[in-house]
Amino acid sequence: MAAMIDGKALAERVTREAAMRAAALASERGIVPGLAVILIGDDPASRIYVDRKLSQAGKAGVRSFEHRLPADTPEAALLRLIAACNADPAIHGILVQLPLPPQIDSARVLDAIDPAKDVDGFHPVNVGRLSTGTGGLVPCTPLGCMRLLETVIEDFRGLKAVVIGKSNIVGKPVALLLLERECTVTVTHILTRGLPAIARTADILVAAAGSPGLVEGSWIKPGAVVIDVGINRVTGVDGRARIVGDVAREGVDHAAAITPVPGGVGPMTIACLLTNTVRAAERHGA
Ligand code: NAD
């Protein structure tokens with residue numbers, strides 16, 4: 001039977017660690033970590049993500065600054081808000097919830113965030129730092145994947161890792177983090193040929209395709225560790241909506257360990273966002 005990697009419990013621990021660091025920062029330097037969360041429009045999924053982030057912030061000792069703007073907000077107004085957050089010493093992290101409405105150029109917005117406050121790790125400076133292994137702020141979901149893997153893998157060196165998905169948000173950064181730990185990494189995507197056979201070579205399999213149940217049990221090598229990043233809303237036979245991952249749940253018993261969906265990567269993403277905010281505050285003026 002594959003062990004379940006409990007992302008919820010780990011996220012609670014990581015959030016407690018962040019809270020301890022935030023408390024030390026407040027008592028030693030009088031700094032309270034501040035996170036600006038900017039949501040444009042009323043996309044229901046984005047609203048849920050933002051509400052979750054805001055509800056967890058207090059638990060990590062992070063003060064949140066909430067900005068909810070209408071869907072027709074012009075790009076110039078968003079850039080002005082980001083400039084104000086960049087200049088505000090009470091704010092150490094800035095999160096702009098994606099996706100943005102069509103009149104706004106996401107790349108221009110991400111470029112406008114001070115890299116030192118870019119707690120999502122999407123600014124080109126932080127992407128460059130990750131790819132050269134020179135520090136910087138690392139995207140939260142990939143960071144969460146690594147923390148989950150660390151609960152079951154002691155030594156990553158030489159392990160074969162296969163990442164399904166090559167997005168800037170998950171696939172590419174998780175591949176870079178695995179490479180940094182000296183795994184042998186294969187990154188795959190929708191046009192990869194022979195994906196099941198490639199997946200079967202993996203000691204570590206990270207599924208981040210956004211395709212419900214894509215990875216079947218027969219794709220998983222016995223003893224592999226599987227991280228299921230997918231969050232897919234599907235309608236069950238009973239007509240009710242539920243959330244499933246990218247990995248089918250039958251026939252996966254031969255894996256060594258697997259993350260559940262929900263309760264795996266999702267909670268860790270938020271915990272890592274708060275950790276990044278505390279880290280950005282620790283570096284503030286350092
Ligand atoms: P994306 O759409 O930007 O990228 C998906 C990637 O998967 C692409 O590179 C695409 O080529 C590849 N892909 C799609 N279908 C495939 C298939 N059938 N075979 C092989 N490759 C395929 O998505 P994303 O933003 O990287 O997110 C991926 C999934 O992870 C989504 O379900 C998303 O909801 C989820 N996600 C979860 C968290 C979290 O906190 N748990 C965070 C971010 C994203």
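**View 1. Helix α9 gives the most to the shell around the ligand, with 3 residues.** Helices here are DSSP runs of H or I with at least four residues, strands are runs of E with at least two, and both are numbered from the N terminus. A quick word on the source: this is a predicted model, so local features need pLDDT of at least 70 and side-chain atom pairs count only at pLDDT 80 or more, while totals for chains, interfaces and linings use all residues. Residues are numbered from 1 along each chain as its sequence is written, and side-chain values use heavy atoms, with hydrogens and water left out. Around the ligand sit 20 residues, where being near means having a heavy atom within 4 Å of the molecule. The closest are Lys166, Ser167, Ile190, Ile231 and Thr269.

View 2. Ser167 brings a polar side-chain atom to 2.5 Å from a ligand oxygen. Ile190 uses its backbone instead, with a polar atom 3.0 Å from an oxygen atom of the ligand. For Ile231, too, a polar backbone atom is 3.0 Å from a ligand oxygen. On its own, the ligand has 850 Å² of accessible area, and the protein covers 72% of that. These areas come from the Shrake-Rupley method with a 1.4 Å probe; for residues, only the protein chains shown count as cover.

**View 3. Helix α2 has its buried residues along one face.** Let's check its length before anything else. Which residues of α2 are buried? They are Ser46, Val50, Lys53, Leu54 and Ala57. Buried means under 20% relative accessible area, exposed means over 50%, and partly exposed is in between (1.4 Å probe, protein chains only). Seen down the helix axis, the buried residues of α2 fall within an arc of 95°, so they line one face; the arc is taken from the directions from the axis to the C-beta atoms. Their cover includes β2 (34-40), β3 (63-69), β4 (93-96) and α9 (265-283).

**View 4. Arg108 and Glu75 meet through their side chains.** Arg108 belongs to helix α4 (residues 106-112), and Glu75 to helix α3 (residues 75-87). Their side chains make a polar contact at 2.6 Å. A polar contact is a pair of N or O atoms within 3.5 Å; within protein, one must be able to donate a hydrogen and the other to accept it, and residues adjacent in sequence count only if both atoms are side-chain atoms. Is Glu75 buried or exposed? With 14% relative accessibility, Glu75 counts as buried, whereas Arg108, at 46%, is partly exposed. A polar side-chain atom of Glu75 also lies 2.9 Å from the backbone nitrogen of Asp105. Leaving out residues up to four places away in sequence, Glu75 touches Gln103, Ile104, Asp105 and Arg108; a contact means heavy atoms within 4.5 Å.

**View 5. His92 is a buried residue in a loop.** The His92 side chain reaches the backbone oxygen of Pro89 at 3.5 Å. Beyond four places in sequence, the residues that His92 touches include Ile31, Val32, Ala116, Lys117, Thr277 and His284.

**View 6. Helix α7 is followed by Glu182, a residue with positive phi.** In α7 (residues 171-180), the buried residues are Gly171, Pro173, Val174, Ala175, Leu177 and Leu178. Among the elements covering them are α5 (124-132), α6 (140-150), β5 (160-164), β6 (184-188) and β7 (204-207). Then comes the loop between α7 and β6, which holds Glu182. Glu182 is not a glycine, yet its phi is positive, at about 65°. At 51% relative accessibility, Glu182 counts as exposed.

View 7. From Leu98 to Pro99 the peptide bond is cis, with omega near 0°. Pro99 has its place in the loop between β4 and α4. The bond from Val261 to Pro262 is cis as well, with omega near -5°. Look for Pro262 in the loop between β11 (257-258) and α9.
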